[in-house]
Amino acid sequence: MVCPVLGRVARTHAYVVRKAGRIRSAPQHRAWASKPAASEFSAQGAPGSSVIEVLGKSYPQDDHTNLTRKVLSKVGRNLHNQRHHPLWLVKERVKEHLYQQYVGRSGTPLFSIYDSLSPVVTTWQNFDSLLIPADHPSRKKGDNYYLNRTHMLRAHTSAHQWDLLRAGLDAFVVVGDVYRRDQIDSQHYPVFHQLEAVRLFSKHELFAGVRDGEDLQLFERSSRSAHKQETHTLEAVKLVEFDLKRTLSRLMTHLFGEGLEIRWVDCYFPFTHPSFEMEIRFHGEWLEVLGCGVMEQQLVNSAGAQDQIGWAFGLGLERLAMVLYGIPDIRLFWSEDERFLRQFLLSDINQKVTFQPLSKYPALVNDIAFWLPAGNYEEHDFYDLVRTVGGDLVEKVELIDKFEHPKTHRTSHCYRITYRHMERTLSQKEVRHVHQAIQEAVVRLLGVEGRF
């Protein structure tokens, strides 16, 4: 639904900048700019151009382009590589554990670490290489940030799996920023960071410690079941699964301490089978911390490692950091306030630290209601618009009422927008300017009819 509103961009730009620009004293707020040849939510290259520039490279825009300036401004920040940032601390703790526990035959670390790969990937890398079907809902424009039909900002670090396997690596970790269009609350942000690991085993490596293991095989021709793929022997799968769960149990114990309760929940991922989610019991609650599984052999074979079997897991750095350090709002990871950052200037990365709130500045709440357009309405377009106009002043957006007119059958949505600055108190006057800019933009850009 993004493209039909192209023509309204230029007309709305001046109004949005004029309205939102009145609160430029709020450092985290940015208004968007118009662009002539793509959707109203997209970032732009040089004025009048039909390309987007990301990390020094140009990409032609088309009807799939939906990258916003707000999100583009985050590309290249690489919070996971900023020393003493809480995300860096979690990454370094995982690295340290893997380096100490898993050593190759030459005495060097078994796992190679890749934490500077470009977040711009092809749609083939992000989806097809991972066996994600062409009609899978995860490909929707409503869920991803596309530069064009062939390139996008990666939605997961798994987008690099195939290339690294093809390069001959059999044990590696990828860390990086990933991008997804999502709801707005204290747990979700359009940019977050993942850490992913892959390990492959040859027949000799997997069965070396098994009595009479020379008679066991990795592969067979059988049928797929809930416990194994059609090409794997049950013995091989169980050993890979055991190694995966042992590796992750040791890692979480390293992060959270001894006596940690862990449970495994069966789940589904297109690129692993069987697949599991790991949950830990922390402060009396069960928390899901990562997904994992035995890699789909079709993926491994296509990358040229057909004589090996392996596992993969992926975890969110923000999720772990929020739990480990007691950070209540995901927006804080983007703060440049020294009162936040200096709390994590630790002499030892394993030192325990609990985030001390800067101050709980009061929230201001405003509602916005409108009739939906006759055509398609994508809720994530609204969320992106709110993020782009309101920036990180917006703490939360929730749909509080949905109404269908009994005669016209038109549908109305009412959203509650919570504004809160992370570093100072907002006034109702400055919030009103931002809220009015959102109201104007949603009418002009999404084709809704306001009920303000």
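Predicted model: local features only at pLDDT ≥ 70, side-chain atom pairs only at ≥ 80, totals over all residues.
**View 1. Ser129 sits in the loop between helix H4 and strand S5.** Helix H4 covers residues 123–126, and strand S5 covers residues 151–153. Ser129 is buried, because its relative accessible area is 2%, under the 20% cut-off. The side chain of Ser129 has a polar atom 2.7 Å from the backbone oxygen of Gln125. Leaving aside residues up to four places away in sequence, Ser129 touches Trp124, Trp162 and Leu299.

**View 2. Helix H3 packs against helix H9.** H3 runs through residues 86–101 and H9 through residues 317–325. Their axes lie 9 Å apart, at an angle of about 100°. The two helices are therefore roughly perpendicular to each other, a term that spans 65 to 115 degrees. From H3, the contact takes in Pro86, Leu87, Leu89, Val90, Lys91 and Arg93. From H9, Leu317, Glu318, Leu320, Ala321, Leu324 and Tyr325 meet them. By class, the residues of this contact are 9 nonpolar, 3 charged and no polar. Lys91 and Arg93 in H3 and Glu318 in H9 are the charged residues.

**View 3. Helix H7 spans residues 234–256 and is followed by Gly257.** H7 has 23 residues, so at 1.5 Å a residue it should span 33 Å. Gly257 comes after the helix and has a positive phi, near 105°.

Methods: Residues numbered from 1 in each chain as written. Heavy atoms only, no water. Helix = DSSP H or I, 4+ residues; strand = E, 2+ residues; numbered from the N terminus. Buried < 20%, exposed > 50% of the residue type's maximum accessible area, 1.4 Å probe, protein only. Polar contact = N/O pair within 3.5 Å; in protein donor to acceptor, adjacent residues only side chain to side chain. Contact = heavy atoms within 4.5 Å. Axes fitted to C-alpha atoms, helices over the stretch in contact; angles between N-to-C directions. Parallel < 35°, antiparallel > 145°, perpendicular 65-115°, else oblique. Expected span 1.5 Å × (residues − 1).
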